[in-house]
Every structure is written in C-alpha cells, then in structure tokens.
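Open the model in your viewer and keep the sequence panel beside it.

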Amino acid sequence: MHLPDEGEARLNAESSATGVSQAELIRRGIAMPLDSTEQQKRSRELAAFGSGRSGTPDEMDNAVRERIEERAARR
C-alpha cells in the first residue's frame, strides 16, 4: 500500500503524538467506514415509527398496510 507524501506525514505525526502504531491507526481507519456501514444496515432492519396512538397489533398492521397502499397509489 502506498500513501501520498502528505498522508504519510500525517500518519507519522498522529502516531508520534498518540503513541499508537501506524499499523493500528491504519486498521482503525479501515474499520471506521466498515463499522458505519454495518450500523446503517442494522438500523434499516429495525425501522420503526410512532404514531402517538396505541393500538392492537391488528390495528397497527392495518394502519401500516393502509399507509403503504396510499403511497403506492401516489406513484
């Protein structure tokens, strides 16, 4: 792997300032976007909404179904 001169200088400076090895800083840098992507995937799987009203599961299913149908009709 090759870093531009500026990137290498910044990596050296950060490593010296923090006492963290360059390899560890690189591992952290790679992990950050990967962790962020994984969190986004999980948050999409757990989508929820609040209507401010309570209801039975069947009522909530019907409300969601109606909302989906309304949105589909607008397309």
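Colour by secondary structure. From the N terminus on, the elements run α-α-α. The chain has three helices and zero strands. Helices (H or I, at least four residues) and strands (E, at least two) are DSSP runs, numbered from the N terminus.

Some ground rules before selecting. This is a predicted model, in which local features need pLDDT of at least 70, side-chain atom pairs count only at pLDDT 80 or more, and totals for chains, interfaces and linings use all residues. Residues are numbered from 1 along each chain as its sequence is written, and side-chain values use heavy atoms, with hydrogens and water left out.

**Stop 1: confidence**

Colour by pLDDT, the predictor's confidence in each residue, from 0 to 100. The chain averages 81. A score of at least 70 is reached by 75% of the residues. Which element has the highest mean, and which the lowest? Helix 1 is highest at 93, and helix 2 (residues 22-45) is lowest at 77. Where pLDDT is low, the predicted coordinates should not be read in detail.

**Stop 2: the surface**

Show the surface of the whole chain. Its accessible area comes to about 6800 Å². Carbon and sulfur atoms hold 51% of that. Areas come from the Shrake-Rupley method with a 1.4 Å probe; for residues, only the protein chains shown count as cover. Of the 75 residues, 5% count as buried. Buried means under 20% relative accessible area, exposed over 50%, and partly exposed in between (1.4 Å probe, protein chains only).

**Stop 3: helix 1**

Select residues 5-18, which make up helix 1. Check its length first. The 14 residues, at 1.5 Å each, should span 20 Å, and the end C-alpha atoms are 20 Å apart, so the two values agree. The expected span is 1.5 Å times one less than the number of residues.

Now pick S15 in this helix. Is S15 buried or exposed? It counts as buried, because its relative accessibility is 15%. Show what surrounds it. Beyond its neighbours within four places in sequence, S15 is in contact (heavy atoms within 4.5 Å) with V20, S21, Q22 and L25.

Move to T18, also in helix 1. T18 is partly exposed, at 41% relative accessible area. Its side chain reaches back to the backbone oxygen of E14 at 2.7 Å. Just after the helix, select G19. Here phi is positive, about 75°.

**Stop 4: across to helix 2**

Select A23, which is in helix 2. A23 is partly exposed at 38% relative accessibility. Draw a distance from its C-alpha atom to that of L11. The separation is 9.6 Å, for residues 12 apart along the chain.

**Stop 5: salt bridges**

Side chains of opposite charge can pair when their charged atoms come close. A salt bridge is a side-chain nitrogen of Lys or Arg within 4 Å of a carboxyl oxygen of Asp or Glu. How many does the structure hold? There are three salt bridges.

Start with E24, which is partly exposed at 26% relative accessibility. E24 forms a salt bridge with R27, with the closest N and O atoms 3.1 Å apart. These two sit three residues apart in helix 2, which means about one helical turn between them. R27 is partly exposed at 48%.

R28 is partly exposed at 42%. Together, E24, R27 and R28 are linked in a network of salt bridges. An α-helix has 3.6 residues a turn, so residues three or four places apart point the same way.

**Stop 6: helix 3**

Finish at residues 57-74, helix 3. Select R67 and E70. Their side chains meet in a salt bridge at 3.8 Å, N to O. The pair is three residues apart, about one turn of the helix. R67 is partly exposed at 44% relative accessible area, and E70 is partly exposed at 43%.

Conventions: A polar contact is a pair of N or O atoms within 3.5 Å; within protein, one must be able to donate a hydrogen and the other to accept it, and residues adjacent in sequence count only if both atoms are side-chain atoms.
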